[in-house]
Amino acid sequence: MKKGSIFAPLLLIGLGGLFLARNMYPDLPLMEYLARYWPFVLILWGVLRLTEVLYWSATKQPLPARGVSGGEWVLVVMLCFFGASVHAVMGFSSWFPAAVNFGGLDIFGETYQYPVAAEKPASKAPLVVIESFRGNARITGGDTDTVKVTGHQSIRSMEQSTADQASKEAVFEITGDANRVVIRTNQDRARRPGRVSADLEITVPKGASLEAHGRDGDFDVHGVNGTVNIFSDRAGVRLENIGGATRLDLTRSEIVRAINLKGSLDVRGDGSDMDLENIDGVVTINGGYTGNVEYHNLTKPVHYVGPQTEFSAEAVLGEVRAPLGTFNATGLTGPVRLQTRNRDVQMSDLTNSVDIQILDRGDIELRPEKLPLGRMNVRTFSGNITLGMPKEAKFDLTASVARGEVVNEFGDPLKEEDYRRGGALKGSNGGPLVELRTEMGKITVRQAAPGEPPLELKRFGRGPQTSPKVLRPLLKSTVKDIQPIDQ
(Lines give C-alpha, C1' and ligand atoms only; values in the text may rest on other atoms or scores of the structure.)
Protein backbone atom coordinates (compact mmCIF):
# COMPACT_ATOMS: atom_id res chain seq x y z
CA MET A 1 0.00 0.00 0.00
CA LYS A 2 1.45 3.40 -0.98
CA LYS A 3 2.30 5.54 1.99
CA GLY A 4 0.72 8.98 2.20
CA SER A 5 1.50 12.03 4.33
CA ILE A 6 -0.81 13.29 7.04
CA PHE A 7 0.17 16.88 6.19
CA ALA A 8 -2.56 17.38 3.58
CA PRO A 9 -5.39 16.53 6.00
CA LEU A 10 -3.80 18.73 8.67
CA LEU A 11 -3.49 21.58 6.18
CA LEU A 12 -7.18 21.30 5.30
CA ILE A 13 -8.10 21.26 8.98
CA GLY A 14 -5.93 24.33 9.67
CA LEU A 15 -7.27 26.37 6.74
CA GLY A 16 -10.84 25.41 7.61
CA GLY A 17 -10.26 26.50 11.20
CA LEU A 18 -8.86 29.88 10.09
CA PHE A 19 -11.76 30.68 7.78
CA LEU A 20 -14.28 29.52 10.39
CA ALA A 21 -12.68 31.85 12.94
CA ARG A 22 -12.84 34.71 10.38
CA ASN A 23 -16.56 34.09 9.83
CA MET A 24 -17.26 34.01 13.56
CA TYR A 25 -15.05 37.03 14.32
CA PRO A 26 -15.23 39.49 11.38
CA ASP A 27 -12.63 41.79 12.95
CA LEU A 28 -10.00 39.06 12.94
CA PRO A 29 -7.12 40.29 10.69
CA LEU A 30 -6.81 36.98 8.85
CA MET A 31 -4.85 38.38 5.88
CA GLU A 32 -2.29 39.89 8.22
CA TYR A 33 -1.82 36.55 9.98
CA LEU A 34 -1.36 34.79 6.65
CA ALA A 35 1.05 37.47 5.42
CA ARG A 36 3.21 37.29 8.53
CA TYR A 37 3.17 33.63 9.52
CA TRP A 38 2.82 31.63 6.29
CA PRO A 39 6.46 30.29 6.51
CA PHE A 40 5.38 28.30 9.58
CA VAL A 41 3.33 26.13 7.19
CA LEU A 42 6.54 25.10 5.41
CA ILE A 43 8.29 24.48 8.73
CA LEU A 44 5.38 22.36 10.02
CA TRP A 45 5.24 20.45 6.73
CA GLY A 46 8.96 19.63 6.89
CA VAL A 47 8.79 18.57 10.55
CA LEU A 48 5.82 16.26 9.90
CA ARG A 49 7.46 14.63 6.89
CA LEU A 50 10.72 14.12 8.80
CA THR A 51 8.82 12.65 11.76
CA GLU A 52 6.95 10.26 9.44
CA VAL A 53 10.17 9.05 7.78
CA LEU A 54 11.89 8.53 11.13
CA TYR A 55 8.85 6.64 12.46
CA TRP A 56 8.74 4.37 9.39
CA SER A 57 12.49 3.70 9.72
CA ALA A 58 12.23 2.91 13.45
CA THR A 59 9.33 0.47 12.91
CA LYS A 60 11.11 -1.32 10.01
CA GLN A 61 8.51 -0.16 7.49
CA PRO A 62 9.43 0.42 3.82
CA LEU A 63 10.62 3.96 3.22
CA PRO A 64 9.31 6.07 0.32
CA ALA A 65 11.66 6.51 -2.65
CA ARG A 66 11.54 10.29 -2.20
CA GLY A 67 10.98 12.27 0.96
CA VAL A 68 8.78 14.78 -0.90
CA SER A 69 6.83 13.83 -4.01
CA GLY A 70 6.71 15.83 -7.23
CA GLY A 71 3.18 16.98 -6.55
CA GLU A 72 4.19 18.20 -3.11
CA TRP A 73 7.05 20.23 -4.62
CA VAL A 74 4.55 21.95 -6.95
CA LEU A 75 2.40 22.76 -3.91
CA VAL A 76 5.48 24.12 -2.08
CA VAL A 77 6.28 26.48 -4.98
CA MET A 78 2.68 27.69 -5.17
CA LEU A 79 2.56 28.21 -1.40
CA CYS A 80 5.81 30.21 -1.45
CA PHE A 81 4.59 32.43 -4.29
CA PHE A 82 1.23 33.00 -2.59
CA GLY A 83 2.77 33.73 0.80
CA ALA A 84 5.45 36.09 -0.52
CA SER A 85 2.87 37.94 -2.63
CA VAL A 86 0.48 38.45 0.27
CA HIS A 87 3.41 39.48 2.48
CA ALA A 88 4.41 42.19 -0.01
CA VAL A 89 0.87 43.34 -0.84
CA MET A 90 0.16 43.87 2.84
CA GLY A 91 3.23 46.10 2.97
CA PHE A 92 5.49 43.96 5.16
CA SER A 93 8.33 43.67 2.65
CA SER A 94 9.57 44.81 -0.76
CA TRP A 95 9.90 41.35 -2.36
CA PHE A 96 7.16 42.38 -4.75
CA PRO A 97 5.63 45.83 -5.32
CA ALA A 98 3.35 46.84 -2.45
CA ALA A 99 0.90 47.97 -5.10
CA VAL A 100 0.77 47.49 -8.84
CA ASN A 101 0.25 50.74 -10.69
CA PHE A 102 -1.58 51.07 -14.01
CA GLY A 103 -2.17 54.56 -15.29
CA GLY A 104 -1.72 56.04 -11.83
CA LEU A 105 -4.10 53.61 -10.12
CA ASP A 106 -3.00 51.09 -7.49
CA ILE A 107 -4.90 47.86 -7.90
CA PHE A 108 -4.30 46.42 -4.43
CA GLY A 109 -6.35 47.82 -1.58
CA GLU A 110 -8.01 51.22 -1.23
CA THR A 111 -6.74 54.64 -0.24
CA TYR A 112 -8.07 56.10 2.98
CA GLN A 113 -7.40 59.77 3.75
CA TYR A 114 -7.11 61.43 7.14
CA PRO A 115 -7.01 65.24 7.48
CA VAL A 116 -3.97 67.02 8.89
CA ALA A 117 -4.03 70.53 10.36
CA ALA A 118 -1.61 72.15 12.80
CA GLU A 119 -0.02 75.51 13.52
CA LYS A 120 2.87 76.68 15.70
CA PRO A 121 4.26 80.17 16.47
CA ALA A 122 7.70 80.88 15.00
CA SER A 123 10.33 83.57 14.81
CA LYS A 124 11.01 85.62 11.69
CA ALA A 125 13.79 83.25 10.57
CA PRO A 126 13.18 79.78 12.04
CA LEU A 127 14.69 76.49 10.93
CA VAL A 128 11.84 74.25 9.77
CA VAL A 129 12.68 70.54 9.84
CA ILE A 130 10.58 67.86 8.12
CA GLU A 131 11.47 64.39 9.38
CA SER A 132 11.18 60.98 7.66
CA PHE A 133 8.66 62.21 5.15
CA ARG A 134 7.00 60.20 2.41
CA GLY A 135 4.64 62.04 0.07
CA ASN A 136 4.33 65.50 -1.47
CA ALA A 137 5.01 68.78 0.32
CA ARG A 138 4.60 72.34 -0.90
CA ILE A 139 6.45 74.84 1.27
CA THR A 140 5.72 78.55 0.75
CA GLY A 141 7.29 81.55 2.45
CA GLY A 142 4.92 84.34 3.45
CA ASP A 143 4.36 87.32 5.73
CA THR A 144 3.51 85.26 8.78
CA ASP A 145 4.85 84.53 12.25
CA THR A 146 3.67 80.92 12.37
CA VAL A 147 4.38 77.58 10.70
CA LYS A 148 1.04 76.31 9.43
CA VAL A 149 0.42 72.84 8.01
CA THR A 150 -2.70 71.60 6.24
CA GLY A 151 -3.39 68.58 4.07
CA HIS A 152 -3.98 64.89 4.62
CA GLN A 153 -2.31 61.57 5.20
CA SER A 154 -3.12 58.78 2.74
CA ILE A 155 -3.06 55.15 3.85
CA ARG A 156 -3.47 52.33 1.38
CA SER A 157 -4.98 49.26 2.96
CA MET A 158 -7.17 46.27 2.26
CA GLU A 159 -9.51 47.19 5.12
CA GLN A 160 -10.76 50.37 6.81
CA SER A 161 -9.88 49.04 10.27
CA THR A 162 -6.27 48.44 9.27
CA ALA A 163 -6.01 51.96 7.83
CA ASP A 164 -7.51 53.42 11.03
CA GLN A 165 -4.93 51.58 13.09
CA ALA A 166 -2.10 52.86 10.87
CA SER A 167 -3.45 56.40 11.22
CA LYS A 168 -3.33 56.10 15.01
CA GLU A 169 0.25 54.84 14.83
CA ALA A 170 1.43 57.57 12.42
CA VAL A 171 0.22 60.54 14.45
CA PHE A 172 1.10 63.91 12.89
CA GLU A 173 2.74 66.47 15.18
CA ILE A 174 4.62 69.79 15.27
CA THR A 175 7.20 70.20 18.01
CA GLY A 176 10.16 72.44 18.86
CA ASP A 177 10.34 76.11 19.71
CA ALA A 178 10.03 79.39 17.82
CA ASN A 179 13.55 79.09 16.33
CA ARG A 180 13.42 75.42 15.39
CA VAL A 181 10.11 73.92 14.31
CA VAL A 182 9.99 70.17 13.69
CA ILE A 183 7.27 68.61 11.54
CA ARG A 184 6.82 64.87 12.05
CA THR A 185 4.46 62.61 10.16
CA ASN A 186 5.68 59.58 12.17
CA GLN A 187 5.05 57.36 9.15
CA ASP A 188 7.80 54.96 10.25
CA ARG A 189 5.81 54.10 13.36
CA ALA A 190 3.14 52.40 11.27
CA ARG A 191 3.46 48.65 10.81
CA ARG A 192 3.44 49.19 7.06
CA PRO A 193 5.22 52.53 6.58
CA GLY A 194 5.55 52.01 2.83
CA ARG A 195 1.78 52.40 2.44
CA VAL A 196 1.50 55.65 4.40
CA SER A 197 2.10 58.97 2.64
CA ALA A 198 1.10 62.60 3.06
CA ASP A 199 0.18 65.60 0.94
CA LEU A 200 0.96 68.77 2.86
CA GLU A 201 0.71 72.51 2.31
CA ILE A 202 3.19 74.23 4.63
CA THR A 203 3.36 78.00 5.12
CA VAL A 204 6.46 79.40 6.82
CA PRO A 205 7.90 82.89 7.47
CA LYS A 206 9.84 84.30 4.50
CA GLY A 207 13.08 84.28 6.43
CA ALA A 208 12.83 80.58 7.28
CA SER A 209 15.38 77.93 6.41
CA LEU A 210 14.29 74.42 5.46
CA GLU A 211 15.70 70.97 6.19
CA ALA A 212 13.67 68.07 4.79
CA HIS A 213 14.32 64.34 5.02
CA GLY A 214 12.17 62.23 2.72
CA ARG A 215 11.75 58.81 1.12
CA ASP A 216 9.44 59.22 -1.90
CA GLY A 217 7.47 62.11 -3.31
CA ASP A 218 7.95 65.71 -4.40
CA PHE A 219 9.08 68.90 -2.69
CA ASP A 220 7.98 72.31 -4.02
CA VAL A 221 9.66 75.22 -2.23
CA HIS A 222 8.79 78.86 -3.03
CA GLY A 223 9.67 82.22 -1.56
CA VAL A 224 12.05 81.14 1.21
CA ASN A 225 14.96 83.49 1.97
CA GLY A 226 16.99 81.09 4.11
CA THR A 227 18.94 77.97 3.22
CA VAL A 228 17.26 74.87 1.79
CA ASN A 229 18.57 71.34 2.41
CA ILE A 230 16.63 68.36 1.05
CA PHE A 231 17.71 64.74 1.55
CA SER A 232 15.60 62.05 -0.10
CA ASP A 233 15.87 58.56 -1.58
CA ARG A 234 13.55 59.41 -4.45
CA ALA A 235 12.02 62.84 -4.96
CA GLY A 236 11.22 65.45 -7.54
CA VAL A 237 12.30 68.94 -6.41
CA ARG A 238 11.03 72.31 -7.65
CA LEU A 239 12.55 75.49 -6.24
CA GLU A 240 11.70 79.11 -6.95
CA ASN A 241 12.77 82.40 -5.39
CA ILE A 242 15.18 80.96 -2.82
CA GLY A 243 17.45 83.44 -1.01
CA GLY A 244 20.05 81.19 0.63
CA ALA A 245 22.32 78.32 -0.31
CA THR A 246 20.58 75.16 -1.51
CA ARG A 247 21.71 71.57 -1.22
CA LEU A 248 19.87 68.59 -2.73
CA ASP A 249 21.04 65.08 -1.86
CA LEU A 250 18.83 62.77 -3.94
CA THR A 251 19.46 59.12 -4.67
CA ARG A 252 17.14 59.34 -7.67
CA SER A 253 14.98 62.17 -9.00
CA GLU A 254 12.63 62.49 -11.94
CA ILE A 255 13.11 66.26 -12.03
CA VAL A 256 15.18 69.01 -10.45
CA ARG A 257 13.92 72.48 -11.38
CA ALA A 258 15.43 75.61 -9.83
CA ILE A 259 14.49 79.17 -10.83
CA ASN A 260 15.64 82.49 -9.34
CA LEU A 261 18.11 81.33 -6.70
CA LYS A 262 20.26 83.98 -5.01
CA GLY A 263 22.65 81.52 -3.35
CA SER A 264 24.63 78.48 -4.42
CA LEU A 265 23.14 75.18 -5.61
CA ASP A 266 24.70 71.79 -4.79
CA VAL A 267 22.98 68.74 -6.31
CA ARG A 268 24.05 65.15 -5.66
CA GLY A 269 22.46 62.00 -7.04
CA ASP A 270 21.11 60.63 -10.31
CA GLY A 271 17.98 61.60 -12.16
CA SER A 272 16.18 62.34 -15.39
CA ASP A 273 15.32 66.00 -16.09
CA MET A 274 17.14 69.09 -14.81
CA ASP A 275 16.19 72.72 -15.48
CA LEU A 276 18.23 75.52 -13.88
CA GLU A 277 17.52 79.20 -14.57
CA ASN A 278 18.65 82.54 -13.12
CA ILE A 279 21.02 81.33 -10.40
CA ASP A 280 23.42 83.85 -8.86
CA GLY A 281 25.55 81.41 -6.84
CA VAL A 282 27.98 78.63 -7.68
CA VAL A 283 26.33 75.54 -9.20
CA THR A 284 27.78 72.09 -8.47
CA ILE A 285 26.18 68.90 -9.81
CA ASN A 286 27.48 65.42 -9.12
CA GLY A 287 25.39 62.66 -10.71
CA GLY A 288 23.99 61.34 -13.95
CA TYR A 289 20.98 63.07 -15.54
CA THR A 290 19.73 61.29 -18.65
CA GLY A 291 16.66 63.30 -19.65
CA ASN A 292 16.23 66.91 -20.71
CA VAL A 293 19.04 68.96 -19.09
CA GLU A 294 18.96 72.77 -19.49
CA TYR A 295 20.87 75.66 -17.92
CA HIS A 296 19.91 79.31 -18.42
CA ASN A 297 21.65 82.40 -17.08
CA LEU A 298 23.94 80.96 -14.42
CA THR A 299 26.13 83.91 -13.44
CA LYS A 300 28.70 82.09 -11.30
CA PRO A 301 30.92 79.03 -11.97
CA VAL A 302 29.21 75.79 -12.98
CA HIS A 303 30.70 72.33 -12.48
CA TYR A 304 28.94 69.12 -13.53
CA VAL A 305 30.39 65.62 -13.04
CA GLY A 306 28.44 62.64 -14.40
CA PRO A 307 29.16 59.02 -15.27
CA GLN A 308 30.35 59.90 -18.79
CA THR A 309 30.56 63.68 -18.90
CA GLU A 310 32.34 66.45 -17.02
CA PHE A 311 31.58 70.11 -17.77
CA SER A 312 32.70 73.34 -16.17
CA ALA A 313 32.49 77.03 -17.05
CA GLU A 314 32.91 80.35 -15.28
CA ALA A 315 29.35 81.30 -16.26
CA VAL A 316 26.49 80.37 -18.57
CA LEU A 317 25.14 83.77 -19.60
CA GLY A 318 23.24 82.18 -22.47
CA GLU A 319 22.02 78.62 -22.25
CA VAL A 320 23.06 74.98 -22.32
CA ARG A 321 20.86 72.17 -23.57
CA ALA A 322 22.21 68.66 -23.08
CA PRO A 323 19.73 65.92 -23.92
CA LEU A 324 21.24 62.47 -24.15
CA GLY A 325 23.78 62.28 -26.99
CA THR A 326 24.25 66.03 -27.57
CA PHE A 327 25.68 69.08 -25.82
CA ASN A 328 24.60 72.45 -27.20
CA ALA A 329 25.59 75.77 -25.68
CA THR A 330 25.70 79.48 -26.37
CA GLY A 331 26.94 82.38 -24.30
CA LEU A 332 29.58 80.50 -22.27
CA THR A 333 32.25 82.36 -20.30
CA GLY A 334 35.48 80.43 -19.96
CA PRO A 335 37.63 78.77 -19.15
CA VAL A 336 35.21 76.18 -20.54
CA ARG A 337 36.02 72.50 -20.18
CA LEU A 338 33.99 69.58 -21.55
CA GLN A 339 35.09 65.94 -21.45
CA THR A 340 32.66 63.25 -22.58
CA ARG A 341 32.44 59.89 -24.33
CA ASN A 342 29.72 59.99 -26.97
CA ARG A 343 28.10 63.35 -27.73
CA ASP A 344 27.73 65.77 -30.61
CA VAL A 345 28.83 69.21 -29.41
CA GLN A 346 27.81 72.68 -30.61
CA MET A 347 29.09 75.86 -28.97
CA SER A 348 28.79 79.50 -30.02
CA ASP A 349 29.37 82.96 -28.51
CA LEU A 350 32.35 81.75 -26.47
CA THR A 351 34.56 83.89 -24.27
CA ASN A 352 38.07 82.90 -23.07
CA SER A 353 39.66 79.45 -23.38
CA VAL A 354 37.92 76.23 -24.46
CA ASP A 355 39.01 72.63 -23.81
CA ILE A 356 36.87 69.88 -25.38
CA GLN A 357 37.65 66.16 -25.48
CA ILE A 358 35.34 63.48 -26.90
CA LEU A 359 36.82 60.10 -26.12
CA ASP A 360 34.77 57.84 -28.40
CA ARG A 361 32.46 59.34 -31.00
CA GLY A 362 31.06 62.80 -31.62
CA ASP A 363 31.05 65.78 -33.99
CA ILE A 364 32.13 69.22 -32.76
CA GLU A 365 31.03 72.57 -34.17
CA LEU A 366 32.43 75.78 -32.67
CA ARG A 367 31.79 79.42 -33.46
CA PRO A 368 33.67 81.80 -31.16
CA GLU A 369 32.00 85.02 -32.28
CA LYS A 370 33.66 87.42 -29.82
CA LEU A 371 37.20 88.74 -30.27
CA PRO A 372 39.89 88.29 -29.21
CA LEU A 373 39.83 84.52 -29.38
CA GLY A 374 40.76 82.43 -26.37
CA ARG A 375 43.02 79.40 -26.36
CA MET A 376 41.39 76.25 -27.80
CA ASN A 377 42.19 72.56 -27.36
CA VAL A 378 39.59 70.50 -29.23
CA ARG A 379 39.80 66.72 -29.75
CA THR A 380 37.53 63.90 -30.79
CA PHE A 381 38.54 60.31 -31.42
CA SER A 382 36.01 59.70 -34.21
CA GLY A 383 34.04 62.58 -35.65
CA ASN A 384 34.15 65.86 -37.57
CA ILE A 385 35.35 69.23 -36.25
CA THR A 386 34.10 72.50 -37.73
CA LEU A 387 35.51 75.84 -36.55
CA GLY A 388 33.98 79.08 -37.80
CA MET A 389 35.89 82.26 -36.86
CA PRO A 390 35.48 85.96 -37.70
CA LYS A 391 37.70 87.15 -40.54
CA GLU A 392 39.63 89.44 -38.15
CA ALA A 393 40.47 86.62 -35.72
CA LYS A 394 44.08 86.20 -34.55
CA PHE A 395 45.34 82.69 -33.85
CA ASP A 396 48.18 80.16 -33.94
CA LEU A 397 46.35 77.14 -35.36
CA THR A 398 47.34 73.50 -35.77
CA ALA A 399 44.78 70.97 -37.07
CA SER A 400 45.49 67.30 -37.79
CA VAL A 401 43.54 64.25 -38.95
CA ALA A 402 45.04 60.75 -38.70
CA ARG A 403 42.54 59.22 -41.14
CA GLY A 404 40.39 61.70 -42.98
CA GLU A 405 40.83 65.15 -44.48
CA VAL A 406 41.26 68.82 -43.63
CA VAL A 407 39.49 71.65 -45.45
CA ASN A 408 40.68 75.28 -45.40
CA GLU A 409 37.78 77.62 -46.06
CA PHE A 410 39.35 80.43 -44.02
CA GLY A 411 42.23 81.26 -46.38
CA ASP A 412 45.52 82.84 -45.36
CA PRO A 413 47.50 82.35 -43.19
CA LEU A 414 46.38 78.69 -43.04
CA LYS A 415 48.19 76.15 -45.21
CA GLU A 416 47.38 72.47 -45.79
CA GLU A 417 50.04 69.84 -45.18
CA ASP A 418 50.25 66.09 -45.64
CA TYR A 419 49.92 64.12 -42.42
CA ARG A 420 50.14 60.29 -42.48
CA ARG A 421 47.00 59.00 -44.26
CA GLY A 422 45.07 62.15 -43.33
CA GLY A 423 46.08 65.76 -43.44
CA ALA A 424 47.12 68.79 -41.43
CA LEU A 425 46.41 72.51 -41.42
CA LYS A 426 48.73 75.11 -39.93
CA GLY A 427 48.99 78.86 -39.76
CA SER A 428 49.59 81.78 -37.43
CA ASN A 429 48.91 85.51 -37.40
CA GLY A 430 49.94 86.22 -33.82
CA GLY A 431 46.98 84.97 -31.80
CA PRO A 432 46.46 82.33 -29.08
CA LEU A 433 47.14 78.64 -29.60
CA VAL A 434 44.30 76.74 -31.32
CA GLU A 435 44.70 72.93 -31.53
CA LEU A 436 42.21 70.73 -33.41
CA ARG A 437 42.59 66.96 -33.73
CA THR A 438 40.51 63.95 -34.76
CA GLU A 439 41.72 60.42 -35.34
CA MET A 440 38.98 59.61 -37.89
CA GLY A 441 36.92 62.34 -39.51
CA LYS A 442 37.11 65.72 -41.19
CA ILE A 443 38.29 69.11 -39.94
CA THR A 444 36.93 72.28 -41.53
CA VAL A 445 38.14 75.79 -40.65
CA ARG A 446 36.09 78.57 -42.19
CA GLN A 447 35.24 82.25 -41.90
CA ALA A 448 32.05 83.09 -40.04
CA ALA A 449 30.15 85.74 -41.97
CA PRO A 450 29.13 88.95 -40.13
CA GLY A 451 25.57 88.70 -38.90
CA GLU A 452 25.52 84.94 -39.40
CA PRO A 453 22.58 83.54 -37.42
CA PRO A 454 23.52 81.69 -34.23
CA LEU A 455 23.72 77.94 -34.12
CA GLU A 456 20.33 76.35 -33.68
CA LEU A 457 20.55 74.46 -30.42
CA LYS A 458 19.06 70.99 -30.50
CA ARG A 459 16.60 70.16 -27.78
CA PHE A 460 13.86 67.82 -26.64
CA GLY A 461 11.55 70.73 -25.82
CA ARG A 462 11.39 73.33 -23.07
CA GLY A 463 10.50 71.88 -19.70
CA PRO A 464 10.11 68.38 -18.34
CA GLN A 465 6.62 67.87 -19.72
CA THR A 466 7.88 67.29 -23.25
CA SER A 467 11.06 65.37 -22.54
CA PRO A 468 11.11 61.68 -23.48
CA LYS A 469 11.87 58.97 -20.96
CA VAL A 470 15.24 57.59 -21.90
CA LEU A 471 17.22 54.74 -20.42
CA ARG A 472 20.19 55.54 -18.25
CA PRO A 473 23.43 54.68 -20.09
CA LEU A 474 24.78 51.25 -19.27
CA LEU A 475 28.39 52.40 -19.46
CA LYS A 476 29.60 52.70 -15.85
CA SER A 477 33.01 54.31 -16.38
CA THR A 478 33.58 57.62 -14.63
CA VAL A 479 35.40 60.72 -15.76
CA LYS A 480 38.25 60.07 -13.35
CA ASP A 481 38.93 56.76 -15.11
CA ILE A 482 39.23 58.42 -18.54
CA GLN A 483 42.72 59.09 -19.87
CA PRO A 484 43.46 61.77 -22.48
CA ILE A 485 43.59 60.34 -25.98
CA ASP A 486 47.22 61.35 -26.56
CA GLN A 487 48.51 59.26 -23.63
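## Glycine 422

Glycine 422 counts as partly exposed, because its relative accessibility is 22%, and buried would mean under 20%. This is a predicted model. In it, glycine 422 belongs to strand E28, which covers residues 422–428.

Who are the neighbours of glycine 422? Setting aside residues within four places in sequence, glycine 422 is in contact with Val401, Ala402, Arg403 and Gly404. Take alanine 402: it sits 20 residues from glycine 422 along the chain, yet their C-alpha atoms are separated by 4.8 Å.

In soluble globular proteins, nonpolar side chains tend to be buried together. Here the largest nonpolar core has 84 residues, and those touching the most other members are Leu276, Tyr295, Phe311, Met347, Leu397 and Leu436. Strand E11, residues 228–242, gives the most to this core, with six residues.

Which residues does leucine 276 touch? Not counting residues up to four places away in sequence, they are Ala258, Leu265, Val283, Ile285, Glu294, Tyr295, His296 and Leu298. Another core lies apart from the largest one; it has eight residues, including Tyr112, Tyr114, Ala166 and Val196.

## Empty spaces inside

Rolling a probe the size of a water molecule over the atoms shows where empty space is left. How many cavities of 30 Å³ or more does a search of the whole structure find? There are four, and the largest cavity has a volume of about 80 Å³.

The largest cavity is lined by Tyr289, Val293, Tyr295, Tyr304, Thr309, Phe311, Ala322, Phe327 and Arg343. By type, this lining has seven nonpolar residues, one polar and one charged.

Technical notes: Residues numbered from 1 in each chain as written. Predicted model: local features only at pLDDT ≥ 70, side-chain atom pairs only at ≥ 80, totals over all residues. Heavy atoms only, no water. Helix = DSSP H or I, 4+ residues; strand = E, 2+ residues; numbered from the N terminus. Buried < 20%, exposed > 50% of the residue type's maximum accessible area, 1.4 Å probe, protein only. Contact = heavy atoms within 4.5 Å. 1 Å grid on protein atoms, 1.4 Å probe; cavity = no way out; pocket = protein on both sides within 12 Å on 5 of 7 lines; lining within 4 Å. Points joined across faces, edges and corners; volume = space filled by probe spheres on them. Nonpolar A, V, L, I, M, F, W, Y, C, P; charged D, E, K, R; others polar. Core = buried A, V, L, I, M, F, W, Y, C linked by side-chain atoms within 4.5 Å.
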